[in-house]
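Dear colleague,

Please find the structure below, followed by a summary of what was found in it.

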Amino acid sequence: MHRVLSGIQPTGIPTLGNYLGAIRNWVALQDSHECLYCVVDLHAITSFQDPAQLRAMSLEMVATLLACGIDPEKSVLFAQSAVSAHARLAWIFNCVARLGWLNRMTQFKDKAGKDREAASAGLYVYPNLMAADIHTYHATRVPVGDDQRQHLELANDIAEKFNHDYGVDFFPRIEPLILPEAARVMSLRDGSRKMSKSDPSDQSRINLTDDAETIALKVRRAKTDPEKLPSETEGLAGRSEARNLVDIYAALAGIDAASVLRAHGGRGFGPFKEALAEVLVTRLAPIARETRRLVADEGYLLGVLRQGAARANALAEPIVKEAERLVGFLS
Ligand code: AQP
């Protein structure tokens, strides 16, 4: 059975992008794989986080994951900072990865923006920590959105170089598990940018805790173009905003884009947006309700995290100890 690992940053309320690109896939994998899911707070502080806010967002993230269907009995659900093996292996990987490799990472360029000199060193080595998250458990399958594909290739390059440098076959190859539909959900305000929980504009995203009215309003205001919806997928070429809404509908309804256009093509965006809002509300309202219930029970959430950290530590410790021994550390 393949071991699965994935993580999510507690940097805001998870979005529809996180859900369609990653979380729903996490839920589906629980029955067929050994799954570890972590709230990656070490990654979160690569951009400054207010401490009280980070704590609250971490708990809300755990509540949301549980509300989406992560079962803490089946999966190991934990906070990254509670397992020191991640940071120890990340340091070793900082010394294995080459600067030239990191310089090619597009996420760093996107997140650092124009003022690259002011970005944290942590943001720069973020992909090395992500590689450590996975290799700490010898996980071989990683369910993520398409935006993380480049980081997974880097994680394989790091493992290969470690194995080569130390003359071992210790870290296995990993494969991404990316769902084709809605693998990359785009911003509602700009079809060329991905939907992101830390985007300054709340109108750019659907949060998993948005109520029905907010969802309807955001969808109504979503940027589109003056043309009608096409009846065939070829007609979506060069129309990133229209494609995004169609892809979202398709992913939520469990059908392909062609079927969406057969039902809604040839008409303006108005009626389609109404139908889309309805599908969104049907799917997200139960998640929002359950998240609210769980957030009120902090004791339960902390208990889930404690139990998850104990299980994660037991799996990680022997693997990272062995990596440290291979490197030549005395400890
Ligand atoms: N727009 C997206 N479409 C598809 N998948 C997405 N993911 C994120 N945005 C989209 C997937 O969600 C998982 C968790 O992401 P993350 O929290 O680790 O960091 P991120 O990729 O940087 O996501 P955000 O929402 O954009 O966070 P912030 O704003 O904090 O940077 C990943 O598997 C990712 O692929």
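**Pockets and ligand**

About 180 Å³ of space lies in the second largest pocket. This is a predicted model, in which local features need pLDDT of at least 70 and side-chain atom pairs count only at pLDDT 80 or more, while totals for chains, interfaces and linings use all residues. Residues are numbered from 1 along each chain as its sequence is written, and side-chain values use heavy atoms, with hydrogens and water left out.

A pocket is an open set of points on a 1 Å grid over the protein atoms alone, where a 1.4 Å probe fits, with protein on both sides within 12 Å along at least five of seven lines; lining residues have an atom within 4 Å of a point. A volume is the space filled by probe spheres set on the points, which are joined across faces, edges and corners.

Among the residues lining the second largest pocket are L42, I45, Y126 and L129.

The largest pocket holds about 1,300 Å³ of space. Of its 50 lining residues, Q107, K111, D147, K194 and S196 are the closest to its centre.

The ligand sits in the largest pocket, meaning that more than half of its atoms lie within 2 Å of the grid points. Around the ligand are 21 residues, each with a heavy atom within 4 Å of it; T11, K111, S196, K197 and S198 are the closest.

Polar contacts (pairs of N or O atoms within 3.5 Å) include a polar side-chain atom of K197 at 2.5 Å from an oxygen atom of the ligand. A backbone N or O atom of M195 lies 2.9 Å from a ligand nitrogen atom.

Yours sincerely

Definitions and conventions: A polar contact is a pair of N or O atoms within 3.5 Å; within protein, one must be able to donate a hydrogen and the other to accept it, and residues adjacent in sequence count only if both atoms are side-chain atoms.
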